[in-house]
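The stops below are meant to be taken in order, with a selection at each one.

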Amino acid sequence: TEWALRSGKHKYVWNREDFLTAKPGTKLLGLFEPSHMQYEADRLGDRAGEPSLAEMTRKALGTLQRQPNGYVLMVEAGRIDHAHHRGNAARALRDVQAFDEAVAMAKTMTNDRDTLIIVTADHGHTMAIQGYPQRGNPILGLVRSVSRSNGAPEENNALAADKKPYTTLSYANGPGSVYSDDHTSASRPTLTVKQTNELDYQQQALIPMGSETHGGQDVQIFASGPQAFLFSGVVEQNYIFHVIDYAMQLRATAEK
């Protein structure tokens, strides 16, 4: 109510239909959940409807591009992180796809000559990719490897040293730990394709944790547009701000 009363251009929306029909130039506040929004894999099941990350990116750019002096927009795909904490690679990867679609939307609606786009993350996770699955092996499925002798695809699932199949993806720690509930012994269950294909499946993990942790690895920075060439090699995270600041200063100087 406070937002809507600020002016005739201020609008509050809470569902996808009202969001999509909001007019360009509206000062828009969209709050679609009491807390976090739905995972992309669950979004279409929301009763009121939630816009996708790409739709929100398009709406934001459609409004901000009306500003004569430029703009700064941050788009966060925060539920990738949440799914990893659950040890749930299926939802994490689907939200990565949703983020990719948002980046593609931003690229379509902007021009590299005047718009700097930066894509990065604030940390990694402990998810690992097992080696040697054959070409075309489903990323969420059980590993089928290739023959060590002639490189031909094997017909049966690959087996670990415990004579049980394993998935391409796993976590170093998390709620999918192979340890027993009392954490005294470890014995991996024999997995089936049906289990690993379920949306709620939690990949097997080693160390038992109620929530999977962040990882300590470096994360990538991808960029396009003015001054994108300044991202090279290994940098501290605060360097990103200085590239943004520098690019904005150059733009302001050029306009003068």
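Select Ser187 to begin; in this predicted model the residue counts as exposed, because its relative accessibility is 53% and the threshold for that class is over 50%. Ser187 lies in the loop that runs between β6 and α6 (193-197). Display its surroundings: apart from residues up to four places away in sequence, Ser187 touches Lys164 and Val178. Ser187 and Leu250 are 60 Å apart in space, with a sequence separation of 63 residues.

Next, select Asn88, in the loop between α4 (79-85) and α5. Is Asn88 buried or exposed? Asn88 is buried, since its relative accessible area is 1% and the cut-off for burial is under 20%. Show the side chain, which reaches the backbone oxygen of Tyr201 at 3.1 Å. Tyr201 is also one of the residues that Asn88 touches once those up to four places away in sequence are set aside; the others are Ala83, Tyr171, Leu199, Asp200 and Gln203. For Gln203, a C-alpha to C-alpha line gives 6.3 Å, although 115 residues separate it from Asn88 in sequence.

Select Leu53, Leu61, Ala77, Ile80, Phe99, Ala102, Ala106, Ile117 and Val119, the nine residues of the largest nonpolar core. Colour the selection by element of secondary structure: α3 (53-64), α5 (89-109) and β3 (117-120) each give two or more residues to this core. Which element supplies the largest share? That element is α5, with three residues. Within the core, centre the view on Ile80. Beyond its neighbours within four places in sequence, Ile80 is in contact with Ala92, Asp95, Val96 and Phe99; of these, Phe99 is itself a member of the core.

Move on to His125, in strand β4 (residues 124-125). His125 counts as buried because its relative accessibility is 10%. What does its side chain meet in polar contacts? One partner is the side chain of Asp81, at 3.0 Å. Another is the side chain of Glu212, joined to that of His125 by a polar contact of 2.7 Å.

Then select Gln134, in the loop between β5 (127-129) and β6 (169-174). With a relative accessible area of 18%, Gln134 is buried. Its side chain reaches the backbone oxygen of Ser145 at 3.1 Å. With residues up to four places away in sequence left out, Gln134 touches Ser145 together with Arg144, Val146, Pro153 and Glu154.

Met209 counts as partly exposed, because its relative accessibility is 34%.

Notes
Residues numbered from 1 in each chain as written. Predicted model: local features only at pLDDT ≥ 70, side-chain atom pairs only at ≥ 80, totals over all residues. Heavy atoms only, no water. Buried < 20%, exposed > 50% of the residue type's maximum accessible area, 1.4 Å probe, protein only. Helix = DSSP H or I, 4+ residues; strand = E, 2+ residues; numbered from the N terminus. Polar contact = N/O pair within 3.5 Å; in protein donor to acceptor, adjacent residues only side chain to side chain. Core = buried A, V, L, I, M, F, W, Y, C linked by side-chain atoms within 4.5 Å. Contact = heavy atoms within 4.5 Å.
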